[in-house]
Amino acid sequence: WLKFFVIHLTMDGDFEEDDTEGVRGSRQVQTWLTTLAYGQAGKAKLLHYNLPKLIQTGGFPSLLVTGSILTMSPILRRFMFLCIFIASVCCGCTWFYLQESDRDFLDIEDLESLSTYMNSFCPFILGLYLSVCLNRWWALRTAALQRLLDALSNIFLFCVVYFPEGRHGTLRKRIKSYCMTSVKLMIKACRGQDDITDLVVESGVGLHHSELPGLQAANIKSRPAVLLAWIYRLLRQASLQDAVPPPAFNVVQAQINFAREGMSTIDTYLKTQLPFPYVQLISMLVTSNNVLVAVKGGIAVAIAIRGGNGVRVIAEALFVVVVPVLYTGLLVISCIVEDPFGEDILDFPIAAYFDEVGDQMDALNPDWHPGFPGRLKDILATIDEKSQALMASSVSGDRASRAPEADAGSHLARRGLAGVADSEQQHNHNLEVMSNSTYLQPRASSTASLWQEAGQPVAMDSRRWAALEQIRLQNGLG
């Protein structure tokens, strides 16, 4: 404890061990206990803390750490000083009363009974209230914000898988930019910031100057959904142009809906507060209990000083300081976690989450991972060369020494291959008929070009596969 207190006194509670710069401009500072994330506004957010070290030190050395119960809000310090002031006034008044009346004792048994009753009733009600607040905070993090971030990552994954070529580079950049900018617009909407001109950039993640008027005309709460609509329309047009199967597009359609639902959930939680009379009653209960503890503690300290009881003086003084700090601290925590999208120390470190999603999208981008095995044509060409070499060596081997049963099986297999020719001609005719259809023409031509690029015949039915499988089994091919 002495070591940690020395660190706090010499380094103002933040002993910096590591300072890292994020890819998108955020900064993370690691102290002896916590990791702080700094966004573009330069305000610290608590990103992570060392739980084993916190338990090991007992919590007291961390009272001065940024984000602790004493440093998270000035409300707690003001109320603590108020309770100390009330206790001091009561102590002084009681001291002068006892001195003027020449008495050494004052009966405060009823006051102590009332204080004991309030201290047994207040934690139960306050604990229930804080549990509801923390459940809302956790739902905002997991069911709303994380669902939104995951959906945006899945949307970009779809874009990368179905549009990986160089001609799709501009599409991928715009989809990524819209996904990241929608998160920024959502944070601005949560904070009530109407100005979005800072999101306009010449290159990189942001808005183009031509897109700004359309967003400014929309409501501040609706702007993130507008970008989702833009993503929806871009991917739909690209899917129609490249003949992406509709069942595959249904996946990205569901992810866009998940993202919009995540935004709606955040807005719903922020707009829907707990009932005002309920919160007011709890606030009155905590305030009354703290004032009662301060009054009772001040009177008891004066009586203990008058009677020469030093132990009672120390005990009552600690009671006056600790109890109001605990109860008021829980109320302040509930106030902070109600809206975790602000700039307080315990709010969500959005800049760090933003960097994580950006890093994930960069990792998915085909331009960022040259180790990708290549196109389907290159992969199948390598496999086809090995298969043909193996088949040629096996078929041209000791054919004469085969058993009659094997010859008969090979004869049947050859008959099967010969019989496939008519089926292939019929299948090619069907493809030609389908290509003349207005609705099926893009998909049929796209499928044919894909298989021709892969080095495979366009027509391949089940009987040909059966014949090839028969040859493979009879020749012992892998």
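Predicted model: local features only at pLDDT ≥ 70, side-chain atom pairs only at ≥ 80, totals over all residues.
A residue counts as buried when its relative accessible area is under 20%, as exposed when that value is over 50%, and as partly exposed in between.

Let us begin with the whole chain. The protein chain has 478 residues, and 36% of them are buried. Its secondary structure consists of 15 helices and four strands. The accessible surface comes to about 27100 Å², and carbon and sulfur atoms account for 61% of that surface. If you take the contacts with a separation of 6 or more, 71% of them are between residues 24 or more positions apart.

A pair of aromatic rings is described by the distance of the centres and the angle of the planes. The structure holds ten aromatic pairs. One of them joins Tyr 129 and Tyr 278: the ring centres are 5.9 Å apart and the planes meet at 65°, so the pair is edge-to-face. Tyr 129 belongs to helix H4 (residues 109–162) and Tyr 278 to helix H9, so this pair ties together parts that lie 149 residues apart in sequence. Are these two tyrosines buried or exposed, or something in between? Tyr 129 has a relative accessibility of 7%, so this residue counts as buried. Tyr 278, at 28%, counts as partly exposed.

Helix H4 also contributes Trp 137, and this residue pairs with Phe 348 from the loop between helix H10 (310–337) and helix H11 (350–364), so parts 211 residues apart in sequence are tied together. Here the arrangement is tilted, with 5.8 Å from centre to centre and 40° between the planes. Trp 137 is partly exposed, with a relative accessible area of 24%, whereas Phe 348 is buried at 2%. Elsewhere, Phe 158, Tyr 162, Phe 163, Tyr 232 and Phe 249 form one aromatic cluster.

The charged end of Arg 141 sits over the ring of Tyr 353, at 4.1 Å from the ring centre. In a second example, the charged end of Arg 306 sits over the ring of Trp 95, and here the distance to the centre is 5.7 Å.

Now return to helix H9 (residues 276–307), where you will find Asn 290. How buried is Asn 290? Its relative accessible area is 0%, so Asn 290 is buried. What does the side chain of Asn 290 join? It makes a polar contact of 3.0 Å with the side chain of Thr 328. Apart from neighbours within four places in sequence, the residues in contact with Asn 290 are Phe 79, Cys 83, Val 323, Pro 324, Tyr 327 and Thr 328.

A disulfide is a covalent bond between the sulfur atoms of two cysteines. How many disulfides does a search of the whole structure find? The search finds zero. Cys 122 is buried, with a relative accessible area of 1%, and Cys 190 counts as buried at 16%.

Our last stop is a backbone detail. Ala 243 is in the loop between helix H7 (223–241) and helix H8 (246–271). Its phi is near 60°, a positive value in a residue other than glycine. With a relative accessibility of 17%, Ala 243 counts as buried.

Technical notes: Residues numbered from 1 in each chain as written. Heavy atoms only, no water. Helix = DSSP H or I, 4+ residues; strand = E, 2+ residues; numbered from the N terminus. Buried < 20%, exposed > 50% of the residue type's maximum accessible area, 1.4 Å probe, protein only. Contact = heavy atoms within 4.5 Å. Areas by Shrake-Rupley, 256 points an atom, 1.4 Å probe, with all protein chains shown as cover. Polar contact = N/O pair within 3.5 Å; in protein donor to acceptor, adjacent residues only side chain to side chain. Disulfide = S-S within 2.5 Å. Phe/Tyr/Trp six-rings, centres within 6.5 Å; stacked < 30°, edge-to-face > 60°. Lys NZ or Arg CZ within 6 Å of the ring centre and 35° of its normal.
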